Structure formats: structure tokens, C-alpha cells
Amino acid sequence: MTGDLEAAQRFYGAVLGWGFRPTRLGEGFSVAMRDGVPVAGIGGLARRLGVPVAWTPYFAVDDADVTAARVRERGATMAVGPLAFGTGRAALAADPDGAVFGFWQGEVIPDWTAHPAPGAAVRLELRTRDAFAAAVFYGEVLDWACERPGCCDVSYEQDHVVVRRGPDTVAVISGGAVEEAPDPQVRPRWHVHFDVPDLEAAVETALRLGGRTVSPVHTTSTSRRITLADPDGGLFTIVALQDGTGPASGGR
């Protein structure tokens, strides 16, 4: 969600190589495309809704009112909605530790899947105080690990909770965040990671267009990543895979 849709499209188009097309949600929204595949959505409504510029994961639900009721019943906060938008209804909420997420009831754009295409979200990662408690909250609110066909599976792997739908990793939940930390990198929140072919080139473009770095470059055996802020302060992480690795698994 941003305050200036055209400016956001210029910035992310240059940094991440995205093109954009309009949606049935109206002129205030666009879908980012990479190689013909939808990879993210941008809405220019931050100022009107009184919300900060931010990348936020949205989860598809069958009934937005039922989901909102589940959020409230579990001590979390409904911030916006559910409100009617185009072909569906959307809402913003904060989980019990303050991490913001959204949910959507309605038509889902064809070809929009959890499996990453080049330039898509490499991974959605929730960094939170207690990964198990968060997994229980989201599982109950979003029907993860239910008995119906098509539900997400939840497992504990290498100190993280991993959420999958079929073979695709939807999200990773990590513990250890500190609610009152002054650094937003440490506070509970959803982190959105985008794949780039060249980390340095993407960082250079972001800085030239008014963005800034928020973290140092982190290097592992499989990837290099850095967190950036766009010119309006929206945080996102870019990831370049090391040579010899395949796509990692894992949207504004």
C-alpha cells in the first residue's frame, strides 16, 4: 500500500524489473508482472485509509466476516474493514504481537500462486516473538492445517515453522522478535523477500531513485540478501541466489 501509485510503479519497475497492468479493483490498484506472471499488487490508498506505506501479505479466505471475528476472538486487532473492493472484500489486521497482515474474500487473479517465478516473492517470513503461538493463531484464523482438501500444511523444521500448500512454501515463521525494539527489523512483522538476478545492481538503482539500505548484506551458502526501504519508507528485502542453486520458495 502506497500513497503514490505512479511513483511506486516507477521505483519498483526499475529496481525489480516489473511491468504493471490495471486491475478490476479500480484505478488505484495495479498488478506487478514479471515475464507474464503476476508477482505483487500495489494499491495507492495509504493516505486515504490512514495506514503507513508498507508491503503486507494478503491471504485468501472464504468469508471475510468470519475471519475478522476469529481475529477479534483471539485478542488481535482489526484495523481496516472488511471493506468492499471491486470484485471482493479486503481487510487489514494485526496479530497479537502487532504484525500486520491482510485477507481477501473474492476472485483471485489467475496464475497467482505461491510458487515463485523470477522476480516473485522468494518467501514470506513472519518474525515474531513466539513462532508456535503465531502458528496457532494464524492456523485458527486462516484455517491452516485443517482437514479439508487444499488446506495448508504446517510443520516445524530447523527451528522454524513452515507453511506449505502442496509442494509450495507459502510462509516461514521465525521466533525471537522483540515487541518494543526500536529497530523495525527486530520487531514482530511480516517480511517480504523478492528475487533479483544482481543484488548490487538492484541496490544501486534503489539508492539512485531515493531508496535507502536498512540492513547490511547477509550472505549464506545459498543466497545474499539485503533489506531496503523505498522512498516512502516501505520495507522489503531483495535476495540474489548464489550460483548453482535453484529458486527459493515462498507479495504490497
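A residue counts as buried when its relative accessible area is under 20%, as exposed when it is over 50%, and as partly exposed in between (1.4 Å probe, protein chains only). You're looking at a predicted model, where local features need pLDDT of at least 70, side-chain atom pairs count only at pLDDT 80 or more, and totals for chains, interfaces and linings use all residues. Residues are numbered from 1 along each chain as its sequence is written, and side-chain values use heavy atoms, leaving out hydrogens and water.

**The overall picture**

- The protein chain has five helices and 16 strands; these are DSSP runs numbered from the N terminus, with helices being H or I of at least four residues and strands being E of at least two.
- Of its 252 residues, 48% count as buried.
- The chain exposes about 12,100 Å², and carbon and sulfur atoms supply 51% of that; the areas come from the Shrake-Rupley method with a 1.4 Å probe, and for residues only the protein chains shown count as cover.

**The cores**

- A nonpolar core here is a set of buried Ala, Val, Leu, Ile, Met, Phe, Trp, Tyr and Cys residues joined through side-chain atoms within 4.5 Å.
- The largest one holds 53 residues, and F103, Y138 and I238 touch the most other members.
- Helix α4 (residues 131–142) gives the most to this core, with seven residues.
- Apart from it lies another core of nine residues, with M1, V51, F85 and L92 among them.
- Contact means heavy atoms within 4.5 Å, and the residues F103 touches include Y58, F59, T67, M78 and R89, leaving aside residues up to four places away in sequence.
- T67 is part of helix α3 (residues 64–73), and at a relative accessible area of 3% T67 is buried.
- With residues up to four places away in sequence set aside, T67 touches V61, F103, V141 and L142.

**Strand β6 and its neighbours**

- Strands pair if DSSP finds at least two bridges between them.
- On one pairing, strand β5 (residues 77–85) runs antiparallel to β6, joined by six bridges, and F85 has G88 in β6 as its bridge partner.
- The β5–β6 hairpin has two residues between the strands, and G86 takes a positive phi near 55° there.
- β6 also pairs with strand β7 (residues 100–106), again antiparallel, over seven bridges, with A90 opposite W104 in β7.
- In the β6–β7 hairpin, which has five residues between the strands, G98 takes a positive phi near 100°.

**The cysteines**

- A disulfide is a pair of cysteine sulfur atoms within 2.5 Å, and a search of the whole structure finds one.
- C146 and C151 form it, with their sulfur atoms 1.6 Å apart.
- C146 is partly exposed at a relative accessible area of 23%, whereas C151 is buried at 15%.
- C152 is in no disulfide, since the nearest cysteine sulfur, that of C151, is 7.3 Å away.
- C152 counts as buried too, at 12% relative accessibility.

**Helix α1**

- The expected span of a helix is 1.5 Å times one less than its number of residues.
- For the 12 residues of α1 (residues 5–16) that gives 16 Å, which agrees with the 16 Å between its end C-alpha atoms.
- L5, A8, F11, Y12, G13, V15 and L16 of α1 are buried.
- The cover over the buried residues of α1 includes β1 (19–23), β2 (26–34), α5 (199–208) and β16 (235–241).
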